[in-house]
Amino acid sequence: MRLIVSSFLVFMMATSLLASDALLQNNYLRKGLTLNGKWNYIVDVYETGYYNYRWEPHDGSTNPGSGAFFLNEKPQNKREIIEYDFDMAPTLLVPGDWNSQKEKLFYYEGTLWYKKSFDIENFDANKRYYLHFGAVNYRADVYVNGKKLGVHKGGFTPFNFEMTHLVNAKDNFVVVRVDNKRAADEVPTLNTDWWNYGGITRDVTVYELEQTFIEDYSLQLDKENNKLLNGYIQLNGDTKANAKVTVNIPELKLNKEFTTDANGHVKFSIPTKKLNLWSCDNPKLYDVSFASGDDIISDKIGFRQISTRGSDILLNDEVVFLKGICIHEENAMRGGRAYSMEDAVTHLNWAKELGCNFVRLAHYPHNENMVRLADEMGMLVWEESPVYWTIQWENPETYKKAEQQLTEVVYRDKNRASVIIWSMANETPQSEPRLEFLSNLAKKTRSLDDTRLVSAALEVHSTVPGGNTMVIEDEFADVVDILSFNQYYGWYWGDIENIKNLKWEIDIDKPVVISEFGAGALQGYHGDSLTAWSEEFQELLYEKTLPVLNAIPQISGITPWIISDFRSPRRVLIPYQDGWNRKGLISETGNKKKAFYTLQNFYKNINK
Ligand code: GCB
């Protein structure tokens, strides 16, 4: 019994050390102290800063001289040897991946330590302090002033830790061990068609919070009644129970007070007068504020309904056709992961120029600037979980990682009107365990947010090898709200001239969105329209494919692959690829290929 109790305690200690704290809602508009900028770094291929020479982790050790990098030690006298020194080490910019900042880290996958010193101006011992990361790829072990705050895994979602007990006004330091090694049981897994950029890739911020503060809230239009707002507020802190909270929307002259329950939670519904609904043509955002005591948090929220009826997608009860394009989170022109509002402006302006009202953010959650800007621009958004290709379907730990990452992005973006689809996965091979895995993910997603649509990029097959009749034979099609599939007829298989002979036998009455098609083309390389890698071939493929897809009876949207060329280690063919997936409509130098205009023209003339 004693043994059981003590191993349980060890387990509890380990899990509480590992879990990141409850996420802060709307860190985007909360005021904070940015830790962006230069961070010192040490590349640690052999994990010297994490393990001793017997390969035992230093974690928890405060032993001076142990060699644990997170202690950020300095020699105390001229004889003392400490075999690392962050302050003598070079710097990397945060946010930013390391691959695109230092040539010798271009292909690096492994452990790298970051350190940043900081003071907290107007430090107030009566406040609470949180350290927030927009994203770190992939595993982050976070330490403040030599003590471990916790670990987070997952390269594309936010996390935060409370550090009230550790910080002071002056001379604080944060050390982060970042490890981006790919592993079979992680999400994504070993094999992807994109670059595994490592590092602290999004903003790092310190938040000063009241003793009891608003941790989370939601405010959305009811699915059926467009004069009813539903929401909740969650407080965090000692006085969270039976506390007064208010929701204020000045433009609607709406100011409501509610009282939280014993858990600091209150769920509410607020009848309103007629709302100015958010749509692509009218991306109306209301200023909304939530208050509890001295804590006031403001947001800009659009209200709209999204649903399906038969094979139609309805935005505010009107049929909408999704004129889309896929986007990777990469700024090829600067090089590296995209992270900033400027990057988002570049991508979404390209999409607007194409005539899009919809973007598929592939293949993982993108940074928050994208959805915030999409909210402002009236651009509809598909967000995706990094469950890609060959995940370990039967591993419950892998499932937990997928669920956690999806939960984190749903949590972050639930108040964004632009986001209409949660995608569970991309091109996953069929099997019973995979069906169970994805069905559980869909169930979890709907339990978190039943106001949006669920989909996944599936695959199509011909009924006989090389045949012309295309079907979706996938039981997951019964689970999703929108049937999406990727198809590469004319590129990976089939002769593009024959695409017109394809027959689509899709007997499920749901909207169909083609989540990918495309062809590689090296911008500036010209040939006749049968020459692979030429702009002309890509142009021809778009010309032939678009009308055929558009004739699928249930078609409700298209997102060709992809807005711009992106780096992929899988793409080794010189001179055409040279480390780039060339299916972009725009080159890595920002030049448009011919097919860009084919798609633009198609969207301009589409009568939907
Ligand atoms: C796909 C994948 C995408 C690839 C693309 C390609 O089906 O979903 O991640 O990059 O094909 O270019 O082959």
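Is Glu-186 buried or exposed? With a relative accessibility of 7%, Glu-186 counts as buried (buried means under 20% relative accessible area, exposed over 50%, and partly exposed in between, using a 1.4 Å probe and protein chains only).

## What you're looking at

This is a predicted model, where local features need pLDDT of at least 70, side-chain atom pairs count only at pLDDT 80 or more, and totals for chains, interfaces and linings use all residues. Residues are numbered from 1 along each chain as its sequence is written, and side-chain values use heavy atoms, with hydrogens and water left out.

## Salt bridges

Let's start with charge pairs. Side chains of opposite charge can pair when their charged atoms come close. The structure holds 46 salt bridges (a side-chain nitrogen of Lys or Arg within 4 Å of a carboxyl oxygen of Asp or Glu). Glu-109 pairs up with Arg-182, and their closest N and O atoms are 2.7 Å apart. Glu-109 sits in the loop between S3 and strand S4 (111–118), while Arg-182 is in the loop between strand S10 (172–179) and strand S11 (199–200), so this bridge ties together parts that are 73 residues apart in sequence. For reference, strands (E, at least two residues) and helices (H or I, at least four) are DSSP runs, numbered from the N terminus. Glu-109 is partly exposed at 30% relative accessibility, and Arg-182 is partly exposed at 40%.

Back to Glu-186: its salt-bridge partner is Lys-153, with the closest N and O atoms 2.8 Å apart. Lys-153 belongs to strand S8 (residues 147–153) and Glu-186 to the loop between S10 and S11, so the pair ties together parts that are 33 residues apart in sequence. Lys-153 counts as partly exposed, at 26% relative accessibility.

## A buried pair and a network

Arg-360 and Glu-516 also form a salt bridge, with 2.8 Å between the closest N and O atoms. Here distant parts of the chain are linked: Arg-360 is in strand S24 (residues 358–361) and Glu-516 in strand S32 (residues 512–516), 156 residues apart. Both ends are tucked away: Arg-360 is buried, with a relative accessible area of 0%, and Glu-516 is buried at 4%.

Then there's a group joined through shared partners. Glu-47, Asp-59, Arg-139, Asp-141, Lys-148, Arg-177, Asp-179 and Lys-181 are joined by such salt bridges into one network.

## A buried lysine

Which residue has its backbone oxygen 2.6 Å from a polar atom of the Lys-593 side chain? That is Ala-521 (a polar contact is a pair of N or O atoms within 3.5 Å; within protein, one must be able to donate a hydrogen and the other to accept it, and residues adjacent in sequence count only if both atoms are side-chain atoms). Lys-593 is buried, with a relative accessible area of 0%. Look for Lys-593 in the loop between strand S35 (580–581) and helix H7 (594–605).

## Surface patches

On the surface, Glu-432, Glu-436, Glu-475 and Asp-478 gather in a patch of negative charge. Patches are made of residues with over 30% relative accessible area and no salt bridge, with like charges joined within 9 Å and nonpolar side chains (Val, Leu, Ile, Met, Phe, Trp, Tyr) within 5 Å. Lys and Arg count as positive and Asp and Glu as negative, while His and the chain ends are not counted; a charge is placed at NZ of Lys, CZ of Arg, CG of Asp or CD of Glu.

Tyr-46 is exposed, with a relative accessible area of 68%, and is found in the loop between strand S2 (37–43) and strand S3 (91–94).

Most residues other than glycine have a negative phi, and most peptide bonds are trans. Asp-317 is not a glycine, yet has a positive phi of about 75°; its place is in the loop between strand S21 (312–315) and strand S22 (318–319). Glu-427 likewise isn't a glycine and has a positive phi of about 45°. While Asp-317 is exposed at 55% relative accessibility, Glu-427 is buried at 16%.

As for cis peptide bonds, one runs from Asn-137 to Tyr-138, with omega near 10°. Another joins Trp-561 and Ile-562, with omega about 20°. Tyr-138 is in the loop between strand S6 (136–137) and strand S7 (139–144), and Ile-562 is in the loop between strand S33 (555–558) and strand S34 (566–567).

Key:
Accessible areas come from the Shrake-Rupley method with a 1.4 Å probe; for residues, only the protein chains shown count as cover.
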